[in-house]
Amino acid sequence: MHDRPPASETPSGLAAAGSLSKPGALWNKATSWLYRPAPIIERRGPGEFVPCHPEPLRKDPNLVQIVLGARHNLIGGWMAEHYRSGIDSFRIARRQIVVVNSPEYIKYVLVTRHANFERKSPQMRRALEALLGDGLFISDGDVWKKRRPLVADIVHKRRLPEFGQTMEEAALSVADEWARLPEGAEVELTEEMGRLTAAIISRAVFGKSIAREAAQQVVDGFSAYQRAADSFNLGYFLGADEGWPALGGRKRRQAIAMVHGVVENVVNAHLAGEGDAGSMVDLLIRRNQRSAAAPLDVTALRNEAATIFMAGHETTATTLTWAWYLLANAPWVAQKLHEEIEAVCGSRPPTLSDLPQLGWCRAVIQEALRLYPPVPLLPRQAIEADRIGHINVEKSALIMIAPWLLHRAADLWDKPNHFLPERFLNGASINPFAFIPFAVGPRICPGMNFGQDEATLCLAILAQRFDVIPRKDYKVEPVCRLTLRPNGGLPARVMQRSTERRM
């Protein structure tokens with residue numbers, strides 16, 4: 001069912017990383033005898049590529065291995081049987097865990113019985129509440145119901161043309177910077193794509209007048225916060241239904257201050273009439289002022305602006321990073337993509353209006369989202385006892401929906417671990433409850449269309465002019481603490497495509 005390396009190929013198991021508060025060599029050394037990360041499988045062959053993924057576990061981990069594994073990598077501790085559609089229930093300490101990995105039951109949880117399963121898990125809420133407060137991503141109940149229409153209207157697909165020029169300008173700016181690099185210069189792709197998407201989302205959310213240094217401060221703050229986040233809330237599994245509050249720490253507090261300081265300044269400037277008209281913050285404030293309900297205060301506006309920025313920056317940046325990795329290892333796909341860009345755009349840069357004709361570009365992004373969903377786990381908490389299929393669900397149980405598992409289910413996808421973007425071409429019929437990189441149902445990401453179009457357009461603009469080649473023999477490991485990133489980044493050479501190569 002799963003792709004395993006041949007006898008002559010040794011999987012590249014990487015050294016343990018991660019800690020209770022931050023990654024560090026001392027922690028790795030202290031825990032390496034208790035926990036070792038799963039070996040990483042990656043395989044190439046003529047006309048095929050199986051990109052990196054952790055080898056499924058052969059035996060159930062014990063509690064210590066679960067805790068240490070979750071703090072290193074939330075996608076590395078799954079058994080082989082979890083990579084098939086179905087439903088499973090087990091316990092971690094005093095908490096029932098229900099793994100829902102079937103389109104039928106995912107629909108039940110996220111649509112049919114949405115009201116009972118709308119709450120994000122305590123781990124996720126506790127991990128993010130200090131940074132995002134009651135922002136839309138982790139709120140529920142009346143707060144979520146009030147905020148959702150405000151945010152959804154601001155990022156609705158009908159507004160994409162308003163932000164298309166911002167996407168084009170930012171991508172072309174990065175292309176011009178890459179063109180000035182020495183031939184074959186190496187860049188770190190997660191940083192480069194983060195810088196690109198930060199330029200887009202900061203201008204879209206905060207306005208074009210925001211200083212580049214201020215936008216970078218928000219990006220750095222988010223990155224520092226993610227490094228310090230504890231992705232396993234032990235208190236929840238020991239019986240505390242709301243989990244334990246996340247511990248602080250100087251670096252975590254500094255990261256929060258970096259983000260909040262910039263966002264609050266922007267919100268206050270807009271409230272004072274000094275912000276850019278048409279930005280998402282401007283639209284949020286104007287919609288909020290027209291709302292019949294009690295208006296949001298500065299803190300609530302800051303939380304929503306920070307949430308939109310986080311979602312729009314991090315997820316698209318990681319998707320683009322994985323897309324470059326996939327294309328570099330599948331030259332036959334890259335050729336199709338370049339031929340398409342040439343046929344549609346010729347020598348002029350791609351624009352937002354070209355996207356309907358750039359099927360291969362969009363398919364590469366969709367396949368990157370399938371293989372490496374930016375948020376690979378969508379945990380929910382049962383508000384009341386329920387029944388999913390044959391499983392009796394306890395009140396406050398953890399309902400684990402994992403796009404990481406669902407997107408690789410051997411009975412739902414042909415060659416699930418292979419990179420095959422053509423599976424999304426020619427009007428392919430994809431079960432909407434089997435492909436959920438942006439979730440599904442009432443809590444589907446409101447910025448889904450914005451993010452997909454942004455990633456597709458940026459890929460097309462940069463791929464038209466450059467080949468991106470990861471460092472030779474660099475071992476790529478997908479790791480999730482909050483979002484799914486290549487562990488340690490992805491160094492790559494940027495090679496300009498000559499006119500002849502573009503043809």
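Predicted model: local features only at pLDDT ≥ 70, side-chain atom pairs only at ≥ 80, totals over all residues.
Which residue stands opposite E188 in strand 14?

Residues are numbered from 1 along each chain as its sequence is written, and side-chain values use heavy atoms, with hydrogens and water left out. Helices (H or I, at least four residues) and strands (E, at least two) are DSSP runs, numbered from the N terminus.

The residue opposite E188 is P491 of strand 14. Three bridges join strand 6 to strand 14, residues 491-496, and the two run antiparallel. Strands pair if DSSP finds at least two bridges between them. Three strands form an open antiparallel sheet in the order 6-14-11. Strand 6 (186-188) and strand 11 (466-470) each have a single partner strand, so one side of each is left without a neighbour in the sheet.

I turn now to helix 10. Its buried residues (under 20% relative accessible area, 1.4 Å probe, protein chains only; exposed is over 50%, partly exposed in between) include R252, A255, I256 and V259. Seen down the helix axis, the buried residues of helix 10 fall within an arc of 160 degrees (taken from the directions from the axis to the C-beta atoms), so they line one face. The face turned away carries the exposed residues R250, R253 and N265. Among the elements covering the buried residues are helix 4 (122-132) and helix 12 (298-328). After helix 10 comes G273, with a positive phi near 80 degrees.

Note on methods:
Contact = heavy atoms within 4.5 Å.
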